[in-house]
Amino acid sequence: MIEPCLPIEPAYPKPRHTRQARAQWGSRVVTIGGDAPVRIQSMTNTDTVDAIGTAIQVKELAIAGSELVRITVNTPEAAAQVPYIREQLDRMGIDVPLIGDFHYNGHRLLTDYPDCAQALSKYRINPGNVGKGDKRDKQFGQMIEAAMRYDKVVRIGVNWGSLDQELLADLMDINSKRADPWDARSVMYEALITSAVESAGRAVEMGMDASQIILSCKVSGVQDLISVYRELSKRCDYALHLGLTEAGMGTKGTVASSVALGILQQEGIGDTIRVSLTPAPGEARTQEVVIASEIIQSLGLRSFVPSVTACPGCGRTTSTTFQELAQQIDGYLRTQMPVWKAKYPGVEKMKVAVMGCIVNGPGESKHADIGISLPGTGEAPAAPVFIDGHKALTLRGDNIASEFHQIVEDYVEKRYGQIAENA
């Protein structure tokens, strides 16, 4: 036997060290950065001129778990509808803060539509397209002045698809004079970080409180994002927003976002995250919120919904019963969470196991709060149920799935209902 040299330490994410910002609407305050939880952000894909349609999608995203929702504000018509979107959300009891996504003409829209500026909780400013030449500083300044006037948070969001070309040209010129020039990618990284940090510095010089500034430097490559944010986090202590821009569709976008954001979150980098998925035709926009919450929950940073452990299946599990039951339970838990999170405090940390045979079934079920080990191929037609680590009963017959479903409901009511009564 090999003698251990040192005890093995659990791998926990490193703590974050950033300033704390606050996005607020009415009595709802979402704290970002510092010791606050990592926040989930999303964005609508509706035409903002359609106030009702946009408000409905914002509601869907908020119910799915998005704590901040960004909307496009690109035209006077869109800006004019923002107060009505906010009004509709308030009527529906949805107090999620709204972020205005501004490009090119944000300085005019925030000036000409003060009700829009007031209704938003946060402004996204892109230094790469806020203006050129002498207009750049003036138009950037107008947006910062609006944020200070209405006491709003700003995200200075640099994107390598719309990078400040004058800054990039200057850095390339400087690089060409180095004795040992950097490669083009390194110059691009430097331009992204310099644009964000220097823009934030200009905002502070104008009088903006540094705690009201959030930075982002978005790229579409996993390794690029990791490299840029590692360096950005060394050069400033502003709250940071993470996300792969144009992550892609389906499996590609999900995997790329999970890898990039997971690595950075493990290193303590990032205060808000967004998974920027391209929805498949007919797919709900809320899928990006589900994936973002799964990333954070899988790292143990937060809990949003009870987790369901289910085996992948093998030659021992020819029946699809465990797959169907796992899917039913997972869907049921997610559907119930909007009600449960207020009614049953702590239920989001519950663990459920749905296993397919005797090999790992009893062990995994014991580790869960409640679990079932379904019979595999050739096993006796019996399904032991474990509650809080102990075998509680055995289910038999053709109604195992529905009976276990009811057992889960009863368990939630008994365990987490008592917590609510004693609170």
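Predicted model: local features only at pLDDT ≥ 70, side-chain atom pairs only at ≥ 80, totals over all residues.
Trainee: How do you know that the span of α6 is close to the expected one?

Mentor: Helix α6, residues 165-176, has 12 residues and reaches 16 Å from its first C-alpha to its last, and this is close to the 16 Å expected at 1.5 Å a residue.

Trainee: Which residues of α6 are called buried, and why are they said to be on the same side?

Mentor: The buried ones are Leu-167, Leu-168, Leu-171 and Asn-175, a word that calls for under 20% relative accessible area. They cover an arc of only 100° around the axis, which puts them on the same side of α6. Part of what covers these buried residues is α7 (184-205), whereas the face turned away from the buried side carries Gln-165 and Ser-176, which are exposed.

Trainee: What lines the largest pocket, and which residues lie nearest its centre?

Mentor: Its lining is made by 29 residues, and nearest the centre lie Ala-62, Ile-63, Ala-64, Gly-65 and Lys-341. The elements giving two or more residues to this lining are α1 (51-64), α10 (287-298) and α11 (321-343). The space in the largest pocket comes to about 810 Å³.

Conventions:
Residues numbered from 1 in each chain as written. Heavy atoms only, no water. Helix = DSSP H or I, 4+ residues; strand = E, 2+ residues; numbered from the N terminus. Expected span 1.5 Å × (residues − 1). Buried < 20%, exposed > 50% of the residue type's maximum accessible area, 1.4 Å probe, protein only. Arc of directions from axis to C-beta. Contact = heavy atoms within 4.5 Å. 1 Å grid on protein atoms, 1.4 Å probe; cavity = no way out; pocket = protein on both sides within 12 Å on 5 of 7 lines; lining within 4 Å. Points joined across faces, edges and corners; volume = space filled by probe spheres on them.
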